[in-house]
Structure formats: C-alpha cells, structure tokens
Amino acid sequence: MAIDPGGKRLYVADSKGSLSVINTADNQLIATIRLTEAANGMAISPDGKRLYATGNSGNVSVINLAKQKIVRTITGAGTGGLAISPNGKRAYVVGVDNKIIQGKVSVINLKTNKVTKTIPIGDIPPSTGSGRYFRPSEVGLTPDGKSAYVVGSYGNGTPEGTVFAINTATDAVTPITVGAGDTMGVAVGRL
C-alpha cells in the first residue's frame, strides 16, 4: 500500500493485479486501476503525480495517477520493495541478479525511466551452486536521500539479521548486524 504525499489518497494493491484508490477523507473506494501483475512493492513520487509498482516479472510499472493508467514500463529493475529519493530524481528497487545469483539494488533515473546502475548486495552462493544467498525484500531511504537501507533473507556469507546501508553518493555498501533471523521491514524517519 502507499499513501500520496498530501495524505488524500490511499493506494492498495491486491494479489490479482488491481490497484484500489481510496479517498482518505471518507474512506470510500473511488477508483480501480488495472496493473499488468500483482504489485510486490509501491512508492509514490514526492509530487504525487506517479506511482511506481514492482512485480514478479522484475519490471516496474509507472502509473500516471491523474490518468489512472500505466504510462511506462521499466524492465529488469527488480521484484521487491522500492523507494524514491526525496528530490524525486531516483528510485531504488531491490531484487536478485539471476545471472550471478546475488541480491541487487537497481537505481532508476526517473527523468529517463532507465536503470542507470546496479549495486550488488550480500553474498553469492558457493561455487558448488548450493546454499542460500541474500534475497533483498525492502528498501528505505533517509529523509535527506543520503542513505538507503536494505533488508531481506540471509544467505551463506551474510550473517542472519543483517541490514545493508548504502551511501547513495558513493554506492558504498556497509553491512550492519542487528539480530538473528531474516530482516523483514525497514522504515526511516527523522529524530
């Protein structure tokens, strides 16, 4: 689910590829937008004009909220959570690089709607091909956009309970061990 920056609209995706639009003033369903697949992650641009949704295909659907339709598809970005920079210039999308079986964060230029770089996250399976690798599921950005944080399922070389911090200026990745088990959600706020 996602809420527009003004707090007037709530967008809720279902498992069949529908995106329900709810007016938060009276909690009434006011529209349904058809997606090409069920959404795994969603984020709204800071200006409230576009909603970005990931799906199992690895593509990101760009929805024009005024027109209530998909206006563009960004291919190969990722299947999981996504976050948009506070200035609205970039999106960060988590997924897996299936060529090397490693977690990744794709950085999308939102002006061109193209993936501009891919940042590897976590470990890769041993050369035998067996074992688990880190599978990112969610990403969050700090309010200033200087850091991204990625959580997910642990792998062989990634300790359980690891969060990855990414410096968005340098793409440097720092693992932070926070506990045991898979890390499941991330939220970033101001103090």
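Strands (E, at least two residues) and helices (H or I, at least four) are DSSP runs, numbered from the N terminus. This is a predicted model, in which local features need pLDDT of at least 70 and side-chain atom pairs count only at pLDDT 80 or more, while totals for chains, interfaces and linings use all residues. Residues are numbered from 1 along each chain as its sequence is written, and side-chain values use heavy atoms, with hydrogens and water left out.

The chain has 16 strands and zero helices. Its radius of gyration is 17 Å, close to the 16 Å given by the globule rule for 191 residues, so the chain is as compact as a globular protein of that length. That radius is taken over C-alpha atoms, and the rule is 2.2 Å times the number of residues to the power 0.38. Along its principal axes, the C-alpha trace spans about 50 × 35 × 30 Å.

Of the 191 residues, 42% are buried. Buried means under 20% relative accessible area, exposed means over 50%, and partly exposed lies in between (1.4 Å probe, protein chains only). Contact means heavy atoms within 4.5 Å. Among the contacts with a separation of 6 or more, 34% join residues 24 or more positions apart.

Ser 18 lies in strand β3, which covers residues 18-23. Is Ser 18 buried or exposed? Its relative accessibility is 16%, so Ser 18 counts as buried. Beyond four places in sequence, Ser 18 is in contact with Val 12, Ala 13, Thr 32, Ile 33 and Arg 34. With Arg 34 there is also a polar contact between the two side chains, at 3.4 Å. A polar contact is a pair of N or O atoms within 3.5 Å; within protein, one must be able to donate a hydrogen and the other to accept it, and residues adjacent in sequence count only if both atoms are side-chain atoms.

Arg 34 is also touched by Ile 70, as are Leu 35, Thr 36, Ser 61, Val 62 and Ile 63, leaving out residues up to four places away in sequence. Ile 70 belongs to strand β8 (residues 69-74). Because its relative accessible area is 25%, Ile 70 is partly exposed.

Thr 54 sits in strand β6, residues 50-54. At 2% relative accessibility, Thr 54 is buried. Its side chain reaches the backbone oxygen of Gly 80 at 2.6 Å. Beyond four places in sequence, the contacts of Thr 54 include Ala 38, Asn 59, Leu 82 and Val 93.
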